[in-house]
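User: I have a structure open and would like to go through it piece by piece. Can you help me read it?

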Amino acid sequence: MSGTFLSRVENKERPVESAPTKIVEAFGLGKCPKLVSQVASPDIDVRVNALAVLCDEFRNPYSVDGCVRAGVVPILAQMIVDPDYVTRARASEALHLAAIDSNGFAAILERQDIVFPRLLAGFDDPSEEVRGFVYNCLLSTTRTSDGVEANVAYEVPRAFVDAVRRDVRALKPIGLRALHNLVSNETGLTQALRANAVAAFIDLLTLDPLRATPVDNEVVTEAARTLGYICYDGRAKLPALEGGAVEKLVAIIKIKELSASVKIAVTVALMAITITNDGKIQANAFQGLDIVMRLLYDDSRAVVLNALKIISNLAVYPKNREEFINDSTCVVKIRKLSRSEDKLVAKHASATLEAVLWNP
């Protein structure tokens, strides 16, 4: 008995201390401050290991809040221009994860004087991975009006227009989505137009149906969607018309096996551009009327609605209106849609029918 008792209470040797580069979690309120101090360590091995742990911790909102309070955001921003690739990659990933979280987002805006210039410097990083995290971080900051204003204050729209021109295809959709949000701001819209954003969007409206990848479809979708949005401003319509937007949009919509997302985005852009007289004429010149009429039979409700609105625009031009009337099925189909049980479809179909059958 005594031997058994002694073996259970015997003294053990002093435990060996962990290596300095091993990130050991602290308990309680000391957890986040300790981790942030390790992230800021001058020892590169400690730093990159701490950044890896930080990225894992940032999937927990409580950890984001604690680390933000400990001042991690400006530290991460400074690391975006660090000479070490792993440091830049992990720091930019952590900032991206922080921007998704409401507390992290607020901290980024609070220290925007430090964060945004470094993020803009990240646009020129040689690593596609780093640029991707930087773009996604900024995209996340455009989800509120305060975030959009902060981006505009540092002329981020101009930087993104340049990025969607020159960067790899896989990263273009991120920049396009950010620009879609940024041009909702009047100053952001002006910055994008001055950077020739319309021409940049039109250049991306190319789709080879035989070799198209999901990324290609995504690029075209986002380019068309953003082009359509920006063209609701009158200043964008002229460069769109002069840049061949109608011809490219019609060419894409003629492709038979298109996803609904591509068709919706392309028809939105056509809808915005064909408000103009030249847009109506160009749609006719590039044989766009037949394809728009075909869209009335599409399975997507959104595509049908967009097609009805486009036909309403085009019918103002007498030559277009004549072609719609002379088509054997167009008026019949629109009249049928005007009696649809879907009230929104019926409403737009009735307006379209009136525009097509209008007599001067």
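**Reading the model**

Analyst: Isoleucine 174 is buried, with a relative accessible area of 9%. Keep in mind that this is a predicted model.

User: Where is isoleucine 174 found?

Analyst: Isoleucine 174 sits in helix H12, which covers residues 172–182.

User: And which residues is isoleucine 174 in contact with, leaving aside its neighbours in sequence?

Analyst: Once neighbours within four places in sequence are set aside, isoleucine 174 contacts Gly132, Tyr135, Asn136 and Leu139.

User: What separates isoleucine 174 from lysine 347?

Analyst: Their C-alpha atoms are 35 Å apart, and the two residues are 173 residues apart along the chain.

User: Another isoleucine, then. Is isoleucine 202 buried or exposed?

Analyst: Isoleucine 202 has a relative accessible area of 3%, so it is buried, the cut-off being under 20%. Its place is in helix H14, residues 197–203.

User: What does isoleucine 202 touch?

Analyst: Not counting residues up to four places away in sequence, isoleucine 202 touches Leu227, Pro239, Ala240, Gly243, Gly244, Ala245 and Lys248. As for alanine 224, which is 22 residues from isoleucine 202 along the chain, the C-alpha atoms of the two are separated by 7.9 Å.

User: Now a lysine. Is lysine 263 buried or exposed?

Analyst: Lysine 263 counts as buried, because its relative accessibility is 14% and buried means under 20%. Lysine 263 belongs to helix H18, residues 260–273. Leaving aside neighbours within four places in sequence, lysine 263 is in contact with Ile253, Leu258, Leu295, Asp298 and Val303.

User: Switching to helix pairs. At what angle do H6 and H9 pack?

Analyst: Helix H6 (residues 85–100) and helix H9 (residues 128–141) pack at about 20°, with their axes 8 Å apart. That makes H6 roughly parallel to H9, since angles under 35 degrees count that way. The crossing of H6 past H9 is left-handed.

User: Which residues meet there?

Analyst: From H6 there are Tyr85, Arg88, Ala89, Ser92, Glu93, Leu95, His96, Ala99 and Ile100. They meet Glu129, Val130, Phe133, Val134, Asn136, Cys137, Ser140 and Thr141 in H9. By class, the contact of H6 with H9 has nine nonpolar, five polar and three charged residues.

User: What about H4 and H7, how do they cross?

Analyst: The axes of helix H4 (residues 61–69) and helix H7 (residues 102–110) come within 8 Å and cross at roughly 25°. H4 and H7 are therefore roughly parallel to each other. Val64, Asp65 and Val68 of H4 make the contact with Asn103, Gly104 and Ala107 of H7. Those residues divide into three nonpolar, two polar and one charged.

User: One more pair. At what angle do H23 and H24 pack?

Analyst: Helix H23 (residues 330–338) and helix H24 (residues 343–356) pack at about 145°, and their axes are 7 Å apart. Their crossing is left-handed. On the H23 side are Val331, Ile334, Arg335, Leu337 and Ser338. On the H24 side are Val345, Ala346, Ala349, Ser350, Thr352, Leu353 and Val356. This contact of H23 with H24 has eight nonpolar, three polar and one charged residues.

User: On to cysteines. How many disulfides does the count come to?

Analyst: The count comes to zero disulfides. Cysteine 67 is in no disulfide, and the nearest cysteine sulfur, that of cysteine 32, is 3.8 Å away. A disulfide here needs the two sulfur atoms within 2.5 Å.

User: Is cysteine 67 buried or exposed?

Analyst: Cysteine 67 is buried, at a relative accessible area of 0%. Cysteine 231 also counts as buried, at 0% relative accessibility.

User: Last topic, backbone angles. What is the phi of glutamate 155?

Analyst: Glutamate 155 has a positive phi of about 55°, although it is not a glycine. Most residues other than glycine have a negative phi. Glutamate 155 lies in the loop between helix H10 (145–153) and helix H11 (156–166). At 40% relative accessibility, glutamate 155 counts as partly exposed.

User: And glutamine 287, what is its phi, and where is its place?

Analyst: Glutamine 287 is not a glycine, yet its phi is positive, about 55°. Its place is in the loop between helix H19 (277–285) and helix H20 (289–294). Glutamine 287 is exposed, with a relative accessible area of 52%.

Methods: Residues are numbered from 1 along each chain as its sequence is written. This is a predicted model: local features need pLDDT of at least 70, side-chain atom pairs count only at pLDDT 80 or more; totals for chains, interfaces and linings use all residues. Side-chain values use heavy atoms; hydrogens and water are left out. Axes are lines fitted to C-alpha atoms, for helices over the stretch in contact, and angles run from 0 to 180 degrees between N-to-C directions. Helices (H or I, at least four residues) and strands (E, at least two) are DSSP runs, numbered from the N terminus. A crossing is left-handed if the near helix is turned anticlockwise from the far one by less than a right angle, and right-handed if clockwise. Contact means heavy atoms within 4.5 Å. Ala, Val, Leu, Ile, Met, Phe, Trp, Tyr, Cys and Pro count as nonpolar, Asp, Glu, Lys and Arg as charged, and the others, Gly among them, as polar. Buried means under 20% relative accessible area, exposed over 50%, partly exposed in between (1.4 Å probe, protein chains only). Angles under 35 degrees count as roughly parallel, over 145 as roughly antiparallel, 65 to 115 as roughly perpendicular and the rest as oblique.
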